[in-house]
Amino acid sequence: MKYTVETTENGVNETLELNGIIYKKEWLRRENGLLECSQKDFRAQMEADGYSGELVAKVDGIFDGFLADAVDEMREYLG
């Protein structure tokens, strides 16, 4: 498993690589300042690939929260 998060000028990109499959979530800042993701949650992407059960629930609990907001807040603080 590999998880990466990258800040951009206008958002945050998350990538989860699991069992050779890469899942992505790209968050872009809207005009009102909030971040919006253009992809489904990692859980939904994995379910579309046939995954289910405890693994999907664990990914959902750990990676499908508002982590992008926290990372973006740190980018603004450092920026």
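1. Basis of the model. The model is predicted, so that local features need pLDDT of at least 70 and side-chain atom pairs count only at pLDDT 80 or more, while totals for chains, interfaces and linings use all residues. Residues are numbered from 1 along each chain as its sequence is written, and side-chain values use heavy atoms, with hydrogens and water left out.

2. Fold. The protein has three helices and four strands, where helices (H or I, at least four residues) and strands (E, at least two) are DSSP runs numbered from the N terminus. Their order along the sequence is β-β-β-β-α-α-α. The C-alpha trace spans about 40 × 20 × 20 Å along its principal axes. Among contacts with a separation of 6 or more, 35% are between residues 24 or more positions apart, a contact being heavy atoms within 4.5 Å.

3. Surface and burial. The accessible surface of the protein is about 5500 Å², and carbon and sulfur atoms contribute 50% of it; accessible areas come from the Shrake-Rupley method with a 1.4 Å probe, and for residues only the protein chains shown count as cover. Of the 79 residues, 24% count as buried. Here buried means under 20% relative accessible area, exposed means over 50%, and partly exposed lies in between (1.4 Å probe, protein chains only).

4. Charges. There are 9 positive and 17 negative side chains, and the centres of the two sets lie 2 Å apart. Lys and Arg count as positive and Asp and Glu as negative, with His and the chain ends not counted; each charge is placed at NZ of Lys, CZ of Arg, CG of Asp or CD of Glu. Side chains of opposite charge can pair when their charged atoms come close. The structure holds six salt bridges, each defined as a side-chain nitrogen of Lys or Arg within 4 Å of a carboxyl oxygen of Asp or Glu.

5. The pair Lys25 and Glu14. The side chains of Lys25 and Glu14 form a salt bridge with an N to O distance of 3.7 Å. Lys25 lies in strand 3 (residues 21-29) and Glu14 in strand 2 (residues 11-18), so the pair ties together parts that are eleven residues apart in sequence. Both Lys25 and Glu14 are buried, and a network of salt bridges links Glu14, Lys25 and Asp64.

6. The pair Arg29 and Glu76. A salt bridge also joins the side chains of Arg29 and Glu76 (3.4 Å, N to O). Because Arg29 lies in strand 3 and Glu76 in helix 3, this pair ties together parts that are 47 residues apart in sequence. Arg29 is partly exposed, with a relative accessible area of 22%, and Glu76 is partly exposed as well, with a value of 48%.

7. The pair Arg43 and Glu47. In the salt bridge between Arg43 and Glu47, the closest N and O atoms are 3.1 Å apart. The two residues are four residues apart in helix 1 (residues 42-48), so they are separated by about one helical turn. Arg43 counts as partly exposed at 29% relative accessibility, and Glu47 counts as partly exposed at 39%.

8. Asp41. This residue sits in the loop between strand 4 (35-37) and helix 1, and Asp41 counts as partly exposed at 35% relative accessibility. Leaving aside neighbours within four places in sequence, Asp41 is in contact with Lys25 and Asp64. Asp41 and Asp60 are 19 residues apart in sequence, with their C-alpha atoms 7.9 Å apart in space.

9. Asn19, in the loop between strand 2 and strand 3, has a phi near 55°, a positive value in a residue other than glycine. Asn19 is exposed, with a relative accessible area of 57%. Tyr51 is found in the loop between helix 1 and helix 2 (54-63) and is partly exposed, with a relative accessible area of 21%. Not counting residues up to four places away in sequence, Tyr51 touches Leu18, Asn19, Ile21, Tyr23, Met46 and Val56.

10. Nonpolar patch. Met74, Tyr77 and Leu78 make a nonpolar surface patch of about 420 Å². Patches are made of residues with over 30% relative accessible area and no salt bridge, with like charges joined within 9 Å and nonpolar side chains (Val, Leu, Ile, Met, Phe, Trp, Tyr) within 5 Å. Leu78 belongs to helix 3 (residues 67-78) and is exposed, with a relative accessible area of 65%.
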